[in-house]
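Here's a quick tour of side-chain packing and ring contacts. Have the structure open while you read.

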Amino acid sequence: MEAIDLKTELINLEHEEMIRLSTIFSEILGTPYALFNHKKECFIFMTKIFCDITHTWLAPDQFAAKSNQYMGIIHPKDFDIHLRVNSKIKELISEIYSKNPFAKVFTNSIYRIRSGENKYDYANVFMRPIKSIVEGNLNLHMVFFKPAKRKGYDRFVLYFIDGEKQLYYSSLRDEFVSRENVELKKIEIEILQMISQGLREPQIAKRLEIKIDLVRYYKKSIFRKLHVSNIAEAVYIGSFYEIL
Amino acid sequence: MEEAKNPIIFLDKHLSFVQEPDYNWYNIRESNIISEAIGLNVTHLLVDHYKQSIFLCSYNPEISNILGGVNGNRKIDDSIITDKIPSEFRELFLNQIQIINDSIRNRILGDDKYYYFTFSIPMLIGDSAIRKITFKAVPYQFTNLKPDATPWLTYYLIVPTSENEPEHLILHSIKNGNKLHFVLRNINQSTDPFALLSDSDLDIIKFTSDGDNEEEISSKMNISVSHLKTKKYSLMLRLKCTSAAQAISILRSNKII
């Protein structure tokens, strides 16, 4: 009995410390912070700025297991992809931490976040796992967000703080992938360049003197290699990584 | 990377550690604040009083520029910051850091750790241009989670000063929303150079400098005249001055009024 009580006391002290730091950092940075239990999919604490910005007001004892409140903060149309990506993030972070308990990672996702009555704006939502000395990994995450400048194609990104490559969510494969060192064939690069100049498939086929079916085949190959699901995203990624 | 040499100003040399702090905590907390710096494009300094080292994490281009192009995450010598402070302000800067360290170590708000400090100081951009920079200090990490734990890491957020931001050292208490203002009595005074004033103390001086008499001030502050007299007396004692005019002069020299 005593051992469990000590553990509970320590967990409570840890949570209190995270609440203290969230509150102070929220104030000095002017940023909305919240603590999110990844396992239970619910908020356990929101700073005043978070509540004010997301128009969410709950008494502390109402936080636990309020999944409907959680849904209310993210736009309903973003919720499905959020659930899908979130489950992948959980798997991936578990895997990362099992190999390296001192890994330093955080995620940046772009969602529409409530900013008023029936009003939602795009925001970069950062989530960072908090390791508990008592409980081990990963259930608690610190969340903060800022307005997103653009919707962005790199919509879900996992960052490694100590220099490893970033990972991006591929909706095509429903998993996180590394996007650098992509090997596009010369003809695939040419096709992508022509698309970025506004040419359509028949025009591309004519210029390259190949059949239109072949142009479509190479387009699919480009999507697969760049882990994208549409041509606009392919052009963006291509230019970002200086493939074009 | 250059080896850091003798970081001095930011360290609290009066702390005594019974044993080495748990650096597993350090790794976890450090990654937390680095992700903030990257995500929010801010610059911070993390002072480790046990290992006597300071780490700069700089993702704000304006601050990186002021600090001579230093960016990313690295151990530094405090001269990277102090060399950018005009010489006439360095002693003030030193005093303010010392006051912050003393306040945290002496548990200025008792067991309440929900507080932070702010102050602003001019810094040089290049050789001659000046920009006011605000430092926000947080008692970040203690050696354990108990109320009487030893301070171990102090966090400083470094941001360009926004308009109308006060320059003098202020302690912000988050739980009750109060502010305590550190007023420099005499920069040449080596011991006890600061007085601590509350918002209501400042109000008394401000109303006095506006020409209000005691009845008018007590009415504005919703207190009795005798209560006002007591507060005024205590205030003069703390500022070590003998007249309202002298008190006003001290506050003006601190750029508080």
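## Around B:Leu46

Leaving aside residues up to four places away in sequence, B:Leu46 touches B:Tyr26, B:Ile33, B:Ser53, B:Ile54, B:Phe55, B:Tyr140, B:Leu153, B:Thr154 and B:Tyr155. Keep in mind that this is a predicted model.

## The cores

B:Leu46 is also one of the residues with the most contacts inside the largest nonpolar core, which has 39 residues. Others on that list include A:Phe25, B:Tyr140 and B:Tyr155. The biggest contributor is α1(B), with 7 residues.

Apart from this core lies another one of 38 residues, with B:Ile66, B:Phe93, B:Ile97 and B:Tyr115 among them.

## Rings and charges

Over all chains, a search turns up 25 aromatic pairs. Take A:Phe25 and B:Tyr140: the ring centres are 5.8 Å apart and the planes sit at 70 degrees, so this pair is edge-to-face. A:Phe25 is in helix α1 of chain A and B:Tyr140 in strand β5 of chain B, so the pair joins two chains. B:Tyr140 also pairs with B:Tyr155, with centres 6.0 Å apart and planes at 40 degrees, so that one counts as tilted. B:Tyr140 and B:Tyr155 are both buried, and A:Phe25 is buried too.

Elsewhere, ring pairs link A:Tyr33, A:Phe106, A:Phe126, A:Phe144 and A:Tyr159 into a cluster. As for charges over rings, the charged end of B:Lys51 sits 4.1 Å from the ring centre of B:Tyr23, while B:Lys113 has its charged end over B:Phe142, 4.3 Å from the ring centre.

## Confidence

Chain A has an average pLDDT of 82, and 85% of its residues score at least 70.

Notes. Residues numbered from 1 in each chain as written. Chains lettered and ligands numbered in written order. Predicted model: local features only at pLDDT ≥ 70, side-chain atom pairs only at ≥ 80, totals over all residues. Heavy atoms only, no water. pLDDT = per-residue confidence, 0-100. Core = buried A, V, L, I, M, F, W, Y, C linked by side-chain atoms within 4.5 Å. Buried < 20%, exposed > 50% of the residue type's maximum accessible area, 1.4 Å probe, protein only. Helix = DSSP H or I, 4+ residues; strand = E, 2+ residues; numbered from the N terminus. Contact = heavy atoms within 4.5 Å. Phe/Tyr/Trp six-rings, centres within 6.5 Å; stacked < 30°, edge-to-face > 60°. Lys NZ or Arg CZ within 6 Å of the ring centre and 35° of its normal.
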